[in-house]
Amino acid sequence: MTQQTEFDHHSAACTADPVDYYRSFREQCPVGRTEAHGGFVYTTRYADVARIARDDDTFSSSRASSGVDRVAIVIPSGPGLEQYPIELDPPESTGYRDLINPLLTPDAVESLRPMIARHATRVVDAFIEHGSADLVRDLTNPLPAAVTLDWLGFPEQDWARLAGPIHDIFAAPADSDRARRGAEGLAYMERRIREIIRERRAEPTSDATSVLAAQTGPDGLPYGEDELVSVIGLLIAGGVDTTTSLTGSVLVHLSRHPGQLRRLIDSPDLLDSATEEFLRAFAPSQSMARTARADTEIGGCPVRAGERVLIPWVAANHDPAVFPDPAEVRLDRDAARHLSFGIGTHRCAGAHLARAMFREMITQVLTRLPGFRVLEEGLVAYPTRGNQSGWDAIPAVFPPGPRLGSGTRSAASPFGQALSFEVVVAGAEPVADGVLALTLTRAGGGDLPSWEPGAHLEFRLPSGRVRQYSLCGDPAERDRYRVAVLREENGRGGSAEVHEIAREGVVVGVRGPRNHFPLVPADDYLFVAGGIGVTPILAMARAVARRGGAFRVLYGGRSRATMAFRDELAGYAGGNAELVPQDEFGLPDLDALLGSAGPSTAIYCCGPAGMIEAVERVCERLGVSDRLHVERFGAGDDLEAVFDPAANAAFDVHLARTGRTVRVRPDQRLIEAVREAVPGLSYDCEKGYCGACETRVLAGTPEHRDSLLTAEEREAGRTMMICVGRSCSPRLVLDL
């Protein structure tokens, strides 16, 4: 039987600590029914939230299904302009998604980065000389507003006037004077949207509103003004306060955790993975709602047709079944499965733009306000975190800095985006039992991006798997990279795939180099390597030896035969290298080794998880954890689909809407072939997690390699994730 509970996501207890609130219900009654706000069914588990959000046939987003002409996608419902496409169900929503998706692809957002950087510089210039600011009023609200409204074509005099009301709606208590002013501001926004649409239809420009106003719907007719008002209103609301919320929450967190702030400053490449972890931990949109179309059940709880169902992204993002130790913010966690952008047909179309704006604001803080400190006594939170989480005021102080003027940040900023490019396998040689060293050159010739010791490359394998491997060659050799890959016989297939494809001439897509494990300046170093963890340590030892620095290395492995590069390492380190094969000497004496470290010794450790944990325990006991730097080699996502990449075969894909047929090679991903023919393609994680690239299959038999579709959906074969999926038949026909 369904348990009736006192659940209320707008309660003081939930507002005080949403993560703990949902945890307690997840452990005691993960799915239940409450009488709060007119009654609804709540959920707390990732699997249930993802299932509901993807099942549009059973769970509707439309106002018509809710039976009330009010906002249907939150609980409680409230007044407001109908929002297309998120308050429509497929197929009605599909045309509106097709309208906006091409404007928000990764390539489209990339073209906006100079504009974003220009606005960010201007916004920070306005307060940096004062040494103090309200980071909401002065940074996190005006920047997203300026970018979003500039992109859409609104004149500058509208930016502040439209940004305020959107923030007021979320930050003001219900029925307050401020909330009423916010509603009045939204009415003004609607009038201005109509005026801009009419102006752009009369005299088009290059802005996004001009593009939208010129498009036609599936029926071949131009979109009506009311439709465009709804779409543009959603783009403004989604582009402004959600990014405000995320950035503010992260700034408060970094002020409270100065060690993580310092780590981001020291390791700029870490911002890529940290962004996804921040999205997971500090989801701006805490929850949404659906309406059951028919009698069904959720996690054993019966749900009646017409009942409202709460799907809390914050609870899903903190489900330990998907994210171990979810309350901990780990900057290097692979958090790509988070649901902060939703999942399914209503996944946030502006995800790439949100990341770009967030990244630019954080980069401005890390580079121009690195010594900022939030004044805790002045913090003002949103009155409830039931639907939207965020801060209304974040007072902060910092050392005053100089204005930069009208120029943007230098392209040489250490916080720039990692590059994506292709490399060619120029050589592959065994260097230890089960270890293959690959020499890589740039496809098409030329120098490779520069790197520093500790950096790694992200490989996008033909199967769709993503793996990271440390660079262990010489940074001075710009014409080649070297990595080494241990074949994990009981792994999830990534290393086995590398060993299988590693032959001369094979082309592999990579991203990077990135460096989460930089070599910091120190008087001397103690390097501790285990197994394949020697790869970044090798590059570090070479660099320190070349500059005549002091260092020692301890390198352990199961046996000498399994220890790659042992002779090369000994050549750099000489008598300062200690090799400890376990079958000869047993386990190293970590207490003695780490206890011998001097007061200014930097300690670096890389290798198996058990070894790293042992080093961390000893360092903590000795009080030297502040000098310990570690890098962990993960074996891949535990929820990743398992398949045999050796079975890859070429196949044809016919794109029904464009009329083109493309060939997908065995060493090529489906999405790579398709996006050459469909520039406006919507995609995000490229790992088969997020559902952004889910595509209808009109003919053929897809091979599913994602970890999202259910067994029934796989068997039906009506859709597939084209970022990782392939074809079991010689030909696929896709609705693209």
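Entry 1, helix α9. I found that nine of the eleven residues of helix α9 (residues 142-152) are buried, so the helix is largely enclosed by the rest of the structure. I took buried as under 20% relative accessible area, exposed as over 50% and partly exposed as in between (1.4 Å probe, protein chains only). Helices (H or I, at least four residues) are DSSP runs, numbered from the N terminus. Among the buried residues of α9 I listed L143, P144, W151 and L152. Their cover includes α7 (113-125), α8 (135-140), α10 (156-171) and α17 (351-368). G153 follows α9 and has a positive phi, near 100°.

The model is predicted: local features need pLDDT of at least 70 and side-chain atom pairs pLDDT 80 or more, while totals for chains, interfaces and linings use all residues. Residues are numbered from 1 along each chain as its sequence is written, and side-chain values use heavy atoms, leaving out hydrogens and water.

D20 is partly exposed at 35%, as is R23 at 31%. I also noted R705 with E703 (3.0 Å, N to O); R705 is buried at 3%, whereas E703 is partly exposed at 23%. Finally, E190, R194, R198, E225 and D226 are linked in a salt-bridge network.

Conventions:
Helix = DSSP H or I, 4+ residues; strand = E, 2+ residues; numbered from the N terminus. Contact = heavy atoms within 4.5 Å. Salt bridge = Lys/Arg side-chain N within 4 Å of Asp/Glu carboxyl O.
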